[in-house]
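Subject: Structure for you to look at

Hello,

Here is the structure I promised. Please open it and keep it in view while you read my notes below.

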Amino acid sequence: MSANRVEKLVYWYLRFNGYLTVENFTIHPDYKKSPEAEADILAVRFPNSEEEPRGFHFERNPKLVLNDHVDFIIGEVKTGLCSINHVWENSELKNIQYALNWLGFLEDSEVDSVANTIYNNKTWQNEIYSVRLICFGARENTNLDKKYPQLLHRDMFKFVYDRL
C-alpha cells in the first residue's frame, strides 16, 4: 500500500475512534543547518468524544482509546515494518518538547520533565492527560522497544471496514 494510502487509513482509524488529527506535523528547525523532523500524525481525543449519526452507536477500539484522559498521540506511520524515527528518541533534538509546546496543554515549567518521561518511557500521563508515541505499520517489529504500541494495518483496515 502506498504511503499516502496508509496515512489516510491511519487518519480514518483515529477519526473513527474519536481523535482530532494533524497530518504531517513539521518541526521547524531553530537553525538553517538543523535537520527538520516530522510526525506523520498528531492526534488528540477528549474523554467525552461521541459520534452517533442517526442514533447509530459506533464502538471505539478499547486497545487504543483511553476514555478517562485527554489523550495525545505522536504517531509514526510506516508502509512496512513498524519503527520510530530516531528524531523522536534523541532527547538532544528536543522534538518532543517542540510538539508539547505546540499542543499547549502544559505549563512551560512542565514541558522538559514530561518530555524526558516520554523519551524514557514512550508515554506519560497524569490524572487528566496522556501522551503516547505510537507506531502504525504493516508488520510488528519484534526488535522495537516493547514500550511502543504497534498498531497494524490489517487491524486498522478491519476496524474501518466494519465501521463503514
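Is the crossing of α2 and α3 left-handed or right-handed? Turn the model and decide before you read on. The crossing is right-handed. Bear in mind that this is a predicted model.

**The α2 and α3 pair**

Two packed helices are described by the angle between their axes and the distance between the axes. Helix α2 covers residues 95-103, and helix α3 covers residues 108-121. Their axes come within 9 Å. They cross at roughly 130°. Angles over 145 degrees would count as roughly antiparallel, and 65 to 115 as roughly perpendicular. The two helices are therefore oblique to each other.

Which residues make the contact? From α2 come Asn95, Ile96, Gln97, Leu100 and Asn101. From α3 come Asp108, Val111, Asp112, Val114, Ala115, Ile118 and Tyr119. Sorted by type, the residues of this contact are 7 nonpolar, 3 polar and 2 charged.

**More on α2**

The buried residues of α2 are Asn95, Ile96, Gln97, Ala99 and Leu100. What do they pack against? Helix α3 is one of the partners. The strands β1 (20-27), β2, β3 and β5 (129-137) are the others.

Look at both ends of this helix too. Lys94 sits in the loop between β3 and α2. Its phi is positive, at about 60°, although Lys94 is not a glycine. Lys94 has 46% relative accessibility, so it counts as partly exposed. Just after α2 comes Gly104, with a positive phi of about 75°.

Asn24 is another residue to check. It is found in strand β1. Asn24 has 34% relative accessibility and counts as partly exposed.

**Helix α4**

An α-helix has 3.6 residues a turn, so residues three or four places apart point the same way. Keep that in mind here. Helix α4 covers residues 153-163. Its buried residues are His153, Met156, Phe159, Val160 and Arg163.

**The loop between β2 and β3**

Strand β2 covers 37-45 and strand β3 covers 70-77. Two residues in the loop between them are on my list.

Pro47 lies in this loop. At 30% relative accessibility, it counts as partly exposed. Leaving out residues up to four places away in sequence, Pro47 touches Asn67, Asp68, His69 and Val70. Pro47 and Phe105 are 58 residues apart in sequence. In space they are 15 Å apart, C-alpha to C-alpha.

Leu66 is also placed in the loop between β2 and β3. Its relative accessible area is 24%, and it is partly exposed. With residues up to four places away in sequence again left out, Leu66 touches Tyr19, Arg45, Asp71, Gln125, Ser130 and Arg132. How far apart are Leu66 and Ser130 in sequence and in space? They are 64 residues apart in sequence and 8.5 Å apart in space, C-alpha to C-alpha.

Best wishes

How values were computed:
Residues numbered from 1 in each chain as written. Predicted model: local features only at pLDDT ≥ 70, side-chain atom pairs only at ≥ 80, totals over all residues. Heavy atoms only, no water. Axes fitted to C-alpha atoms, helices over the stretch in contact; angles between N-to-C directions. Helix = DSSP H or I, 4+ residues; strand = E, 2+ residues; numbered from the N terminus. Parallel < 35°, antiparallel > 145°, perpendicular 65-115°, else oblique. Left-handed = near helix turned anticlockwise from the far one by under 90°. Contact = heavy atoms within 4.5 Å. Nonpolar A, V, L, I, M, F, W, Y, C, P; charged D, E, K, R; others polar. Buried < 20%, exposed > 50% of the residue type's maximum accessible area, 1.4 Å probe, protein only.
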